[in-house]
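Below is a short report on one protein chain. It moves from single residues to helix packing and then to the chain as a whole.

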Amino acid sequence: MMCPRCVQAVREVLRRLGYPIRRVELGLVELGVERTAVDWAQLVQALAADGFELWHLPRQRLVDQITAAVEELLTTNPEGLHGRFAAMLSAKMQRNYSSLSHAFSAEEGVSLEQYVIQRRVATVARLLKTSTLSVGRIARQLGYSSHGHLSRQFRQVLGVAPTEYRQQMSEVPANFASDAAELCPTTPAAEGK
C-alpha cells in the first residue's frame with residue numbers, strides 16, 4: 001500500500017468480506033480472526049480487483065527457504081545427515097536451529113523434525129519401489145543410524161515395515177501403484193494460509 005487512500009481502500013475490501021479488522025497500515029494488515037478462518041483465495045481476488053497484491057509474510061518466506069534447504073540437504077548429502085542435520089541446516093541458513101524450528105512449526109503446524117522424517121521416508125519409499133537396494137543399504141545412503149531406525153520411522157509414517165511396503169509395491173500393477181510422495185504427508189500448501 002502506498003498512501004492513506006490505499007489503506008482506506010483495503011479497509012473497505014476487508015469490511016466487504018466481513019473480516020474483523022485489528023489494524024491496517026501502510027504495508028500491513030492484521031485481522032481479528034485466525035489465519036485458518038480466512039478465505040485466502042477470495043481475499044486475494046478481492047484485493048486484486050482493487051489493484052492490490054497480497055505479499056507473503058516474512059515467516060512464510062523463511063519457511064519456503066527452510067523447505068528448499070531441507071530438500072537440498074536430503075538430496076546432496078543424505079548420508080552426512082546422521083546426528084548432524086540441525087547443525088547442517090543452521091549453517092546453511094545462517095540461523096539458530098531453534099528459531100528455524102519454531103518458525104517452521106508455527107507456520108506449518110508440524111514440527112521441522114517431523115517434516116524431515118516425512119521427507120526422508122518418502123525417499124525411502126521411492127527407493128524401495130524403484131530400486132533393488134537392500135533396506136540396510138538405503139539406511140546407510142540416507143544417513144540413518146541403523147536399519148532398525150529407518151524401519152521404525154518408516155512404520156511410524158506409513159504404517160508398514162519397509163520390506164512389507166516393497167512387497168506390496170511389487171504386487172501392485174505399475175499403473176495402480178501410488179507414488180511415495182502421495183503416501184507421505186507433507187506440509188500444508190503455502191497457498192490458503
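Leaving aside residues up to four places away in sequence, Gln-153 touches Ile-117, Val-121 and Tyr-144. This is a predicted model. Gln-153 sits in helix α8, which spans residues 147-158. Is Gln-153 buried or exposed? Its relative accessibility is 10%, so Gln-153 counts as buried. The cut-off for buried is under 20% relative accessible area.

**Packing around α8**

Helix α8 packs against helix α6, residues 112-130. The angle is about 100° and the axes are 9 Å apart. The two helices, α6 and α8, are therefore roughly perpendicular to each other. From α6, the contact is made by Gln-114, Ile-117, Val-121, Val-124, Ala-125 and Leu-128. From α8, Leu-150, Gln-153, Phe-154, Gln-156, Val-157 and Leu-158 take part. Two of the residues touched by Gln-153, Ile-117 and Val-121, are among those on the α6 side of this contact.

Helix α8 also packs against helix α9, residues 162-171. Here the angle is about 60°, with the axes 9 Å apart. That makes α8 and α9 oblique to each other. The α8 side of this contact consists of Leu-150, Ser-151, Phe-154, Arg-155 and Leu-158. The α9 side consists of Pro-162, Glu-164 and Tyr-165.

| Helix | Residues | Span, first to last C-alpha | Expected span |
|---|---|---|---|
| α1 | 4-17 | 20 Å | 20 Å |
| α5 | 97-108 | 16 Å | 16 Å |

Helix α1 has 14 residues, and its reach is close to the expected value at 1.5 Å a residue. Which residues of α1 are buried? They are Cys-6, Val-7, Val-10, Val-13 and Leu-14. These residues cover an arc of only 120° around the axis, which puts them on the same side of α1. The other side of α1 carries the exposed residues Pro-4, Arg-5 and Arg-16. What do the buried residues of α1 pack against? Their partners are β1 (21-25), β2 (28-31) and α2 (40-49). Just after the helix, Gly-18 takes a positive phi of about 85°.

Helix α5 has twelve residues, and its reach is likewise close to the expected value. Its buried residues are Leu-100, Ser-101, Ala-103, Phe-104, Glu-107 and Glu-108. They cover an arc of only 165° around the axis, so they lie on the same side of α5. Ser-98 and His-102 are exposed on the face turned away from that buried side.

Both ends of α5 have a local feature to note. At the start, a side-chain oxygen of Asn-96 comes to within 2.6 Å of the backbone nitrogen of Ser-98. Just after the helix, Gly-109 takes a positive phi of about 80°.

Gln-94 lies in the loop between α4 (85-93) and α5. Gln-94 is not a glycine, yet its phi is positive, at about 55°. With a relative accessible area of 73%, Gln-94 counts as exposed.

Leu-31 is found in strand β2. Its relative accessibility is 14%, so Leu-31 counts as buried. Which residues does Leu-31 touch, not counting residues up to four places away in sequence? They are Leu-14, Tyr-19, Pro-20, Arg-22 and Val-38. Leu-14 is one of the buried residues of α1. Tyr-19 lies twelve residues from Leu-31 along the chain, and their C-alpha atoms are separated by 6.7 Å.

**The chain as a whole**

The chain has ten helices and two strands. Along the sequence they follow the pattern α-β-β-α-α-α-α-α-α-α-α-α. There are 193 residues in the chain, and buried residues make up 38% of them. Of the contacts between residues at least 6 apart in sequence, 52% join residues at least 24 apart.

Conventions:
Residues are numbered from 1 along each chain as its sequence is written. This is a predicted model: local features need pLDDT of at least 70, side-chain atom pairs count only at pLDDT 80 or more; totals for chains, interfaces and linings use all residues. Side-chain values use heavy atoms; hydrogens and water are left out. Helices (H or I, at least four residues) and strands (E, at least two) are DSSP runs, numbered from the N terminus. The expected span of a helix is 1.5 Å times one less than its number of residues. Buried means under 20% relative accessible area, exposed over 50%, partly exposed in between (1.4 Å probe, protein chains only). The arc is that of the directions from the helix axis to the C-beta atoms. A polar contact is a pair of N or O atoms within 3.5 Å; within protein, one must be able to donate a hydrogen and the other to accept it, and residues adjacent in sequence count only if both atoms are side-chain atoms. Contact means heavy atoms within 4.5 Å. Axes are lines fitted to C-alpha atoms, for helices over the stretch in contact, and angles run from 0 to 180 degrees between N-to-C directions. Angles under 35 degrees count as roughly parallel, over 145 as roughly antiparallel, 65 to 115 as roughly perpendicular and the rest as oblique.
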